[in-house]
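Below is a short report on one protein model. Please read it alongside the sequence and the coordinates.

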Amino acid sequence: MALDPTPVADPHNECRAAPRTGGGRVATTTEEPLRVTQHGPVRCLELNRPARRNALDPALVAAFTAALADAGRDRATAALLLTGTGPSFCTGADLQHLLALADAGESPVPFLRSVSDLTRRIELSPVPVVAVLHGHAVAGGLEIALACDVVVAESGTLIGDGHIRNHLVPGAGSAVRIRRKLGDSLGRWLALSGELLPVERFGTAGWLHSVVDAGCGTHEGREIARTLATAAGPAQTAFKELLAGLDEQPAVEAGLTLELQAFDRHWASHDVPTQLRRFLSRHSEGSS
């Protein structure tokens, strides 16, 4: 990953525009699928496929996974902040990639397993992870957020599972976490309706830490990450392991496996690629 010592000014994303501390490490060229910056004890991971609404493809998932591992090894990093460039936080798996796999006669399950493993790595990260949602957090974008410790959302954000709108079932943890994090009623509604709801509908779920004005999410997220970094230490790490449910780890792992098996059965028994092509023909963005 290339290192660039000069921060890029961006009025939407204060994470990159803010003064750097702690050595001011800034990773990025605009072509990289993930931008990484260090601000004192807070490391910012910024999804960077804006033209695809930060849809997940192998390159982004691999970079994200590697960045999580690197942050977990870095003693100078005490909190992680997840953000996204462009109009959306993340709209899930890149449907064009799923179709390319189908055209090549390959199963999408290995790719989705890498996304599922990514969400589990977020959940089990030794340092707290804060997500800032804006625009859309859908399907895999929601699954990433559900795995985080703290979630901030900007006003106007639309949030939902959305899989069934594309004739898909989840493969990266939605079925495992959505009811536990959002409550049974709201979780089931999002899963079974595919509806995207405005962020204000999540106020009673107890999931969102705060809802802030559009354009202010990164600033709020950084302040929260700094607060968590201030409390860093062995006790926080031990408490985080307990909150991650290590005593229920077999059940979580089994649930993630069952989810991928359900995806595989559904993909194999229905003509999902045809449905995806119809969806993409109606939506020029081509991501979900």
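## Terms and basis

Axes are lines fitted to C-alpha atoms, for helices over the stretch in contact, and angles run from 0 to 180 degrees between N-to-C directions. Helices (H or I, at least four residues) and strands (E, at least two) are DSSP runs, numbered from the N terminus.

The model is predicted: local features need pLDDT of at least 70, side-chain atom pairs count only at pLDDT 80 or more, and totals for chains, interfaces and linings use all residues. Residues are numbered from 1 along each chain as its sequence is written, and side-chain values use heavy atoms, with hydrogens and water left out.

## Overall picture

The protein chain has 11 helices and 10 strands. Of its 288 residues, 52% are buried. Buried means under 20% relative accessible area, exposed over 50%, and partly exposed in between (1.4 Å probe, protein chains only). Contact means heavy atoms within 4.5 Å. Among contacts in the chain with a separation of 6 or more, 71% join residues 24 or more positions apart.

Confidence is given as pLDDT, the predictor's confidence in each residue, from 0 to 100. The chain has a mean pLDDT of 86, and 85% of its residues reach 70 or more. Residues 1–29 have pLDDT below 50; this stretch has 70 contacts in the model beyond near neighbours in sequence.

## Helix 6 and helix 7

Two packed helices are described by the angle between their axes and the distance between the axes. Helix 6 (residues 174–182) and helix 7 (residues 184–193) have axes that come within 6 Å and cross at roughly 140°. That makes helix 6 oblique to helix 7. Angles under 35 degrees count as roughly parallel, over 145 as roughly antiparallel, 65 to 115 as roughly perpendicular and the rest as oblique.

The crossing of helix 6 with helix 7 is right-handed. A crossing is left-handed if the near helix is turned anticlockwise from the far one by less than a right angle, and right-handed if clockwise. Helix 6 brings Ile-178, Arg-179 and Leu-182 to the contact. Helix 7 meets them with Asp-184, Leu-186, Gly-187, Arg-188, Leu-190 and Ala-191. By class, the residues of this contact are five nonpolar, one polar and three charged. Here Ala, Val, Leu, Ile, Met, Phe, Trp, Tyr, Cys and Pro count as nonpolar, Asp, Glu, Lys and Arg as charged, and the others, Gly among them, as polar.

## Helix 2 and helix 4

Helix 2 (residues 58–73) packs with helix 4 (residues 109–123) at an angle of about 25°, their axes 10 Å apart. The two are therefore roughly parallel to each other. Their crossing is left-handed. Pro-58, Val-61, Phe-64, Thr-65, Leu-68 and Ala-69 of helix 2 meet Phe-111, Ser-114, Val-115, Leu-118, Arg-121 and Ile-122 of helix 4. The contact residues are nine nonpolar, two polar and one charged.

Ala-66 also belongs to helix 2. Ala-66 is partly exposed, with a relative accessible area of 45%. Its C-alpha atom lies 9.6 Å from that of Leu-118, 52 residues apart along the chain.

## Helix 3 and helix 11

The axes of helix 3 (residues 95–103) and helix 11 (residues 272–282) come within 10 Å and cross at roughly 140°. The crossing is left-handed. Leu-95, Gln-96, Leu-98, Leu-99, Ala-102 and Asp-103 in helix 3 face Pro-273, Leu-276, Arg-277, Phe-279 and Leu-280 in helix 11 across the contact. Eight of these residues are nonpolar, one is polar and two are charged.

Leu-276, in helix 11, is buried at 0% relative accessible area. Leu-276 and Asn-166 are 110 residues apart in sequence but 6.1 Å apart in space, C-alpha to C-alpha.

Val-138 lies in strand 6 (residues 136–138). Val-138 is buried, with a relative accessible area of 7%. Its contacts beyond four places in sequence include Cys-90, Leu-158 and Leu-196. The C-alpha atoms of Val-138 and Ile-159 are 5.7 Å apart.

Most residues other than glycine have a negative phi. Asn-54 has a positive phi, near 55°. Asn-54 sits in the loop between strand 3 (42–47) and helix 2, and counts as buried at 0% relative accessibility. His-167 also has a positive phi, near 60°. His-167 is in the loop between strand 8 (158–160) and helix 6, and counts as partly exposed at 36% relative accessibility.
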